[in-house]
Every structure is written in C-alpha cells, then in structure tokens.
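Trainee: I am new to this structure and would like to learn how to read it. Can we take it feature by feature?

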Amino acid sequence: MPVDLNNERPLAWDSATLDADTKAMLDNLQPNILRAHVREHLSVLFVRFNDVAEGRAFLRWVASTKMKSARKHMQEVRDFAAGRSRGTPYVGIGISKAGYRDLGHSVEDVRKFGDPVFRDGMKRRIAEVNDPPVEEWERAYQREIHAVILIGDAEAEPVERLREEILGELPESARLLGEERGQGMRNPAGDGIEHFGYVDGRSQPLFLKDEVDKEPKKHWDPAFPLGNVLVPDPFAPNPARHHGSYLVFRKLEQNVRAFKEIERDLADNLGLSGVDRDRAGAMLVGRFKDGTPVTLKPKPGGGPVVNDFTFDGDDGSKCPFSGHVRKTNPRSFGREVLMARRGQTYGERTDDPWDDSPPENRPSGEVGLLFMAFNSSLLGQFEFTQQSWANNPDFEVPATGHDPVIGQGDRDVKVAFPKAWGKPELSAPQAQVAQTVTMKGGEYFFAPSLAYLRNL
C-alpha cells in the first residue's frame with residue numbers, strides 16, 4: 001500500500017514494526033532530504049547532457065556506485081552517535097525539467113510532475129519572486145542546466161576524491177557548466193552561522209522520531225509529516241514506494257559590509273547604546289547573533305539556541321513583523337509552507353564573522369549562501385514564502401516592510417521600529433533598509449528516487 005505521507009506522527013524509521021512499504025521508500029530515497037547530511041565541505045556540479053544514452057548511463061553509474069540511501073544514512077548517524085564508526089560521504093542528484101527532456105522523457109511525460117513551477121523552470125518565474133533578469137545572473141546559470149550533483153562530507157579529502165572520480169566518468173558528450181564550493185562556518189560556541197554572523201539553520205521541520213524526541217515542544221512542535229517534503233516519483237518503477245522531492249537551488253551573494261553599516265545606522269537612529277545596540281541587528285534578523293530569539297529576550301545569552309517559542313503575544317514591539325525569522329516562519333500558522341533547508345555558505349574571508357570589527361573590514365561581495373531546500377511543492381512552499389511573505393510589505397500586518405534579509409522588490413513602504421524592547425513607542429517612519437542579498441542564479445530540480453536513477 002502507498003506510504004502515508006500525511007501521517008502527523010514523526011517517522012520511527014528504526015522501529016522493528018516498520019512496514020515493508022516504508023522500508024522500501026527509505027531504501028530508495030536519497031539522503032539529505034528527511035535528515036540533513038553533514039556537508040561542511042561541499043562541491044556542487046552543474047551538468048548538461050547532450051546524448052540520451054550516455055547521460056542515462058552516467059547517472060545510473062553515479063547512483064549505483066556512489067550514492068547511499070536515506071535509510072543507510074540514518075543507520076550511519078546512529079552508529080556514529082554510538083561511537084562505532086564514521087559515516088560515508090553524501091552524493092545527491094537533482095534533475096531539471098530540461099534535464100528530463102534531454103534524458104528522453106517527452107513533454108507529456110514531464111507533465112506528470114504536478115508542480116507547475118518545476119515544469120516552468122526558474123528562468124520563467126522571475127516575475128513571481130522579483131528575481132533579477134536572467135542576463136544579470138552568473139554565466140553558468142544563464143545556460144540550460146540538466147542536472148546538479150552534490151558531494152558533501154565533514155572533511156575536504158573525501159569530497160575532492162569523489163569529485164575527481166565523478167568528473168572522470170562524465171561522458172565527452174556532456175559538459176560541466178559550472179561548480180560551486182561550499183564550506184561551513186561556525187562561531188566559537190560551535191553553532192553554524194551565515195556570513196552576516198548569525199546562527200543559521202536552527203528552525204527546521206523534523207520528520208524523524210529520534211530527532212523530534214530530542215527537541216523541547218512546550219510551545220513549538222517541530223514534527224512535520226513526510227508530505228511536507230516528499231512526493232511520489234512519477235518515473236520510478238513503483239511511485240507508491242519510490243519518492244523524491246523538489247529541490248530549489250539559489251546562489252545568494254551577501255554584502256556583509258552594507259548589512260553591518262545598516263545595523264550600525266539603525267542602532268544610532270534608535271539611540272541604542274552599550275549591549276542594547278545588538279538589538280538593531282536582532283530586529284532585522286529576528287534573533288541575536290548567538291541565536292537567541294529577540295521575541296523572548298532583550299539581549300543575547302542564556303544557553304543553547306532556543307527554538308521552542310512562538311510569536312504569540314508579541315505585537316511587534318519585541319520582534320518586528322518584518323524580522324526575517326518571523327517573515328519566513330510565523331509559527332502560529334503556515335506550517336505546511338515550511339521547507340527542509342539544506343544550504344551552505346560559500347566564499348573566503350579574512351575576518352571573523354562573529355566579532356565586532358567595523359563594517360569597513362567586512363567583505364562587500366564574493367561571499368554568501370548556496371541556498372538549497374527540499375519541497376513537496378515549489379509553488380506552495382518556496383515561491384509562496386518568497387512572494388507572499390518575504391517580498392510582501394503588508395505581511396503579516398500592513399506596512400511592516402519587506403524581509404530585511406531575503407526580501408526582493410521595490411521598498412516604497414516606510415517602516416518604524418520599537419525604540420525599547422517590549423515598549424509601544426516606535427521610531428519615526430523611515431525608509432526600509434537596502435537590499436544586501438543578491439540572487440546570482442539558480443534552478444529548480446527534482447531529486448528522484450534511487451530506484452529511478454538505478455534503472456535508467
């Protein structure tokens with residue numbers, strides 16, 4: 001029988017009573033979808049095929065010799081936690097609409113994908129999410145990408161070795177259009193951060209019981225049904241057992257210097273002094289640098305990163321409605337919209353992102369985020385979040401402004417900020433902060449089942 005994707009209970013993947021259909025699903029599902037794989041070092045290869053037989057043979061070889069299943073990955077995580085063994089590297093594959101056509105699937109075949117956004121491709125969705133024109137994207141993304149190959153591990157050497165092996169098997173008829181290199185960044189506490197210096201990736205939908213059981217759930221339940229991220233793979237031998245996920249990839253360049261200038265100027269405009277100056281950036285992001293939610297506390301500190309909270313009772317005098325984490329996860333509603341984010345930072349820098357160095361010492365480009373997220377609906381999750389929440393100056397209440405981090409589009413609405421934490425007095429209306437994150441290119445992919453890839 002088909003796997004129940006709408007079951008609200010988190011999946012006990014290692015249960016002795018796990019049914020055969022669910023086992024088959026996990027044995028044929030790519031890793032990194034239901035549970036994040038370690039990707040401290042990451043290579044992202046963008047490939048174009050030009051020969052049906054050779055393209056199929058190449059993907060079949062990668063899937064059969066270099067890729068493990070989601071269940072194998074989960075077993076490795078359990079063994080590592082028990083001190084028994086280290087896991088193996090991650091290899092993932094995504095195929096674009098154009099890639100499926102180049103692999104021999106007809107137009108009618110591609111219509112079997114239920115998501116119209118995937119069937120369009122990212123270049124045709126610019127207006128919906130206010131992306132820059134394609135001619136402004138980096139060259140690799142302007143071209144027709146057929147597949148993305150992700151190679152990740154905790155160490156650099158296994159990634160480099162696998163990269164060379166995979167590229168060595170790329171047929172002469174194919175082309176490597178481009179490559180991105182990601183490398184994780186951590187603050188002194190060991191938490192993963194992004195280039196603006198803030199703890200990142202903490203609030204995620206969780207699908208597996210062993211992960212959910214570790215989380216406090218007094219206010220916010222991180223458990224989500226499989227249907228938030230999985231859909232049947234239409235071209236697999238048995239779509240009832242073989243699943244995949246829509247993958248959005250976007251290269252987002254961050255102007256760190258400009259963002260730090262914005263933090264400084266906002267603190268000045270609000271008359272903030274001493275440790276209270278940190279609240280300027282926290283109001284933009286929704287968390288302090290160490291991950292402390294500004295809706296809970298007026299200053300950072302107090303232990304591990306908190307995720308068990310909602311914005312209930314906060315009228316915007318603690319965390320503004322435009323705060324990034326509030327815009328993209330209101331928590332009191334919209335749970336079905338949340339994506340499984342699996343991004344990684346890119347770019348080299350000589351400063352420490354978490355320190356108090358002045359803005360002029362920060363990079364103004366060439367660093368950022370390789371944004372990646374798995375969805376069961378690109379239309380209802382990624383594009384909805386970007387268009388209806390992040391880019392909408394009237395969400396969640398009128399005249400709150402764009403998301404200061406990822407919002408795109410004309411910022412005509414003036415906004416106000418609380419002058420003191422939790423107090424009703426607001427600043428005079430002022431222009432929204434300038435956009436400091438620039439989309440440099442990307443594509444929509446489908447991460448197919450291993451059953452499909454190994455049967456090409």
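Trainee: Where does Met-67 lie?
Mentor: Met-67 lies in the loop between helix H2 (52-65) and helix H3 (70-81). Helices (H or I, at least four residues) and strands (E, at least two) are DSSP runs, numbered from the N terminus. This is a predicted model, in which local features need pLDDT of at least 70, side-chain atom pairs count only at pLDDT 80 or more, and totals for chains, interfaces and linings use all residues. Residues are numbered from 1 along each chain as its sequence is written, and side-chain values use heavy atoms, with hydrogens and water left out.

Trainee: Is Met-67 buried or exposed?
Mentor: Buried means under 20% relative accessible area, exposed means over 50%, and partly exposed is in between (1.4 Å probe, protein chains only). Met-67 has a relative accessible area of 7%, so it is buried.

Trainee: Which residues does Met-67 touch?
Mentor: Contact means heavy atoms within 4.5 Å. Not counting residues up to four places away in sequence, Met-67 touches Gln-30, Val-62, Val-91, Gly-92, Ile-93, Leu-450, Leu-453 and Arg-454. Tyr-90 is 23 residues from Met-67 along the chain, and their C-alpha atoms are separated by 7.1 Å.

Trainee: Why does Thr-22 count as buried?
Mentor: Thr-22 counts as buried because its relative accessibility is 6%. Its place is in helix H1 (residues 20-27). Thr-22 touches Val-3 and Leu-11, not counting residues up to four places away in sequence.

Trainee: And what does Thr-385 touch?
Mentor: Leaving out residues up to four places away in sequence, Thr-385 touches Thr-328, Val-337, Met-339 and Ala-390. Thr-385 lies in helix H14 (residues 378-390). At 6% relative accessibility, Thr-385 counts as buried.

Trainee: Which residues does a cis peptide bond join?
Mentor: Phe-395 and Glu-396, with omega about 15 degrees. Glu-396 is found in the loop between H14 and S12. Ala-399 lies in the loop between H14 and S12. Pro-393 is found in the loop between H14 and strand S12 (437-447) as well. Pro-393 is buried, with a relative accessible area of 17%. Among the residues that Pro-393 touches are Lys-327, Ala-399 and Val-413.

Trainee: How is empty space found?
Mentor: Rolling a probe the size of a water molecule over the atoms shows where empty space is left. On a 1 Å grid over the protein atoms alone, a cavity is a set of points where a 1.4 Å probe fits but cannot get out, and a pocket is an open set with protein on both sides within 12 Å along at least five of seven lines; lining residues have an atom within 4 Å of a point. Grid points are joined across faces, edges and corners, and a volume is the space filled by probe spheres set on the points.

Trainee: How many cavities of 30 Å³ or more are there?
Mentor: The count comes to 1. The largest cavity holds about 60 Å³ of space. Its lining includes Leu-284, Ser-322, His-402 and Phe-417.

Trainee: What classes of residue line the largest cavity?
Mentor: Ala, Val, Leu, Ile, Met, Phe, Trp, Tyr, Cys and Pro count as nonpolar, Asp, Glu, Lys and Arg as charged, and the others, Gly among them, as polar. The lining of the largest cavity has 5 nonpolar, 5 polar and no charged residues.

Trainee: And the second largest pocket: how many residues line it?
Mentor: It is lined by 19 residues, of which Glu-263, Arg-277, Asp-278, Lys-289 and Asp-356 lie nearest its centre. About 450 Å³ of space lies in the second largest pocket. By class, its lining has 8 nonpolar, 2 polar and 9 charged residues.
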